[in-house]
Amino acid sequence: MTDVFAIITDGTEEVECLAPVDILRRAGAKVTLVSATDSLTVTGSHGIVITADARISDVDLTAGKMIFVPGGMPGSKTLGTCTPLIDAIGKTLDSGNRVAAICAAPALVLGANGFLHGKKAICFPGHEGNMTGAEVQYGARVVTDGNITTARGMGCSIELGLELVRLLFGTKTADEIKAKIQF
């Protein structure tokens with residue numbers, strides 16, 4: 001069973017995706033990279049090609065413990081209008097499972113689709129206007145409120161990965177990973 005579905009598309013910020021995925025896998029999480037396109041390969045926002053494990057049309061995103069949405073442009077805009085993803089996020093949150101997003105994705109995917117009402121959250125500076133209903137935590141790097149975790153940007157990718165490990169596997173495992181990666 002997949003623990004985490006990491007959603008990618010053309011224009012996804014590569015480090016924001018791969019650093020948390022790497023940290024989650026080090027902790028033993030089964031992470032499935034899911035392309036929101038018709039292709040298994042996507043080109044990130046800095047020209048790095050990433051090969052997904054599956055296409056969004058081939059998986060049930062609600063079958064895991066978490067959906068993770070990396071940022072990047074224009075990837076965040078694209079994912080914010082991806083109906084299968086938005087539907088799955090709603091069902092995932094309703095079931096009590098987790099959703100995480102970083103950079104522009106908290107604003108353009110979660111906020112723009114109404115998932116942040118009454119939640120403390122953070123996004124890449126300049127996108128706060130799309131954090132509809134959120135209590136924006138200016139200055140924060142990673143914020144967890146209930147079953148939603150958000151992070152500011154690429155420089156916070158490792159912290160986000162460690163927070164997701166803490167949420168899924170506990171503080172002890174997160175601390176062990178933190179020590180192993182010299183963070």
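Select Cys-123 to begin: with a relative accessibility of 1%, this residue counts as buried, where buried means under 20% relative accessible area, exposed over 50% and partly exposed in between, using a 1.4 Å probe and protein chains only. The model is predicted, so that local features need pLDDT of at least 70 and side-chain atom pairs count only at pLDDT 80 or more, while totals for chains, interfaces and linings use all residues. Residues are numbered from 1 along each chain as its sequence is written, and side-chain values use heavy atoms, with hydrogens and water left out.

The structure holds 0 disulfides, a disulfide being a pair of cysteine sulfur atoms within 2.5 Å. For Cys-123, the nearest cysteine sulfur belongs to Cys-103 and is 8.4 Å away. Next select Cys-156, which is in no disulfide either, the sulfur of Cys-103 being nearest at 9.2 Å; Cys-156 is buried, with a relative accessible area of 3%.

Move on to the largest nonpolar core, which has 31 residues; such a core is a set of buried Ala, Val, Leu, Ile, Met, Phe, Trp, Tyr and Cys residues joined through side-chain atoms within 4.5 Å. Among the members that touch the most others are Leu-61, Ile-67 and Ile-89. Now select helix H3 (83-94), from which the largest share of this core, 5 residues, comes; helices (H or I, at least four residues) and strands (E, at least two) are DSSP runs, numbered from the N terminus.

Finally, a second, separate core of 28 residues can be found by selecting Ala-29, Val-31, Phe-68 and Leu-164, which are included in it.
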